[in-house]
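Before you set up any calculations, please look over the fold shown below with these comments beside it.

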Amino acid sequence: MIKKALFLSIAALVAFSCSSDDDTNTVNEPSIVGKWHPSKYMAYSGKDGSIITNESSDAGVCDKKSFIDLNSAGKWHEMDYYGNTGGQCAVDLDATYDYTYDAASKKLQVKYSNGATDVYTVKKLTDTQLELIEELFDTNGDGIKDEFTTLFSRE
């Protein structure tokens, strides 16, 4: 009887201590779905990744009012405002397009109603920030294309 109890205790200990840890190692990337407002425009050197300060700036008052709203059904709703430094803003664009996002490649593709497409690379995605690489060109004259990004904050 003691041998049987000891055997069952050891068997239970082995069964519970050898469980798989595969489920606990999953890393969930934050969702790109949400309403995002521009907060900064950044330029990074293609040579060393440093910030090109004379090409980087905070978003203006009207820019911060603008947004992209990415929903889970693959719709990109964009609202752009323009205005003066006094903060008087007017709607420049109010449109909805289709989009796809591939988390593995970090590519966000927008399909416009005129048939054109833009592909953005997601440089950063957190619960509160989204940074999209919008353009690549040499702004500092070193012969290497630099990255121009928009940094968005989630509403």
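The numbered points below cover provenance, strand pairing, the pocket and one backbone angle.

1. This is a predicted model, in which local features need pLDDT of at least 70 and side-chain atom pairs count only at pLDDT 80 or more, while totals for chains, interfaces and linings use all residues. Residues are numbered from 1 along each chain as its sequence is written, and side-chain values use heavy atoms, with hydrogens and water left out.

2. Strands here are DSSP runs of at least two residues, numbered from the N terminus, and two of them pair if DSSP finds at least two bridges between them. Strand E3 (residues 67-70) is antiparallel to strand E1 (residues 34-44) over 3 bridges, with Leu-70 opposite Gly-34. E3 also pairs with strand E4 (residues 75-83), again in the antiparallel sense, over 4 bridges, and there Ile-68 has Glu-78 as its bridge partner. E3 and E4 form a hairpin with 4 residues between them, where Gly-74 in the turn has a positive phi of about 85°.

3. The largest pocket holds about 230 Å³ of space, and Glu-78 is among the residues nearest its centre, together with Pro-38, Asp-80, Glu-134 and Phe-152. Its lining is made up of 9 nonpolar, 2 polar and 4 charged residues, with the largest share, 3 residues, supplied by E4.

4. Lys-106, in the loop between strand E5 (89-102) and strand E6 (107-111), has a positive phi of about 60° although it is not a glycine. Most residues other than glycine have a negative phi. Lys-106 counts as partly exposed because its relative accessibility is 32%, that class lying between buried (under 20%) and exposed (over 50%), with a 1.4 Å probe and protein chains only.

How values were computed:
1 Å grid on protein atoms, 1.4 Å probe; cavity = no way out; pocket = protein on both sides within 12 Å on 5 of 7 lines; lining within 4 Å. Points joined across faces, edges and corners; volume = space filled by probe spheres on them. Nonpolar A, V, L, I, M, F, W, Y, C, P; charged D, E, K, R; others polar.
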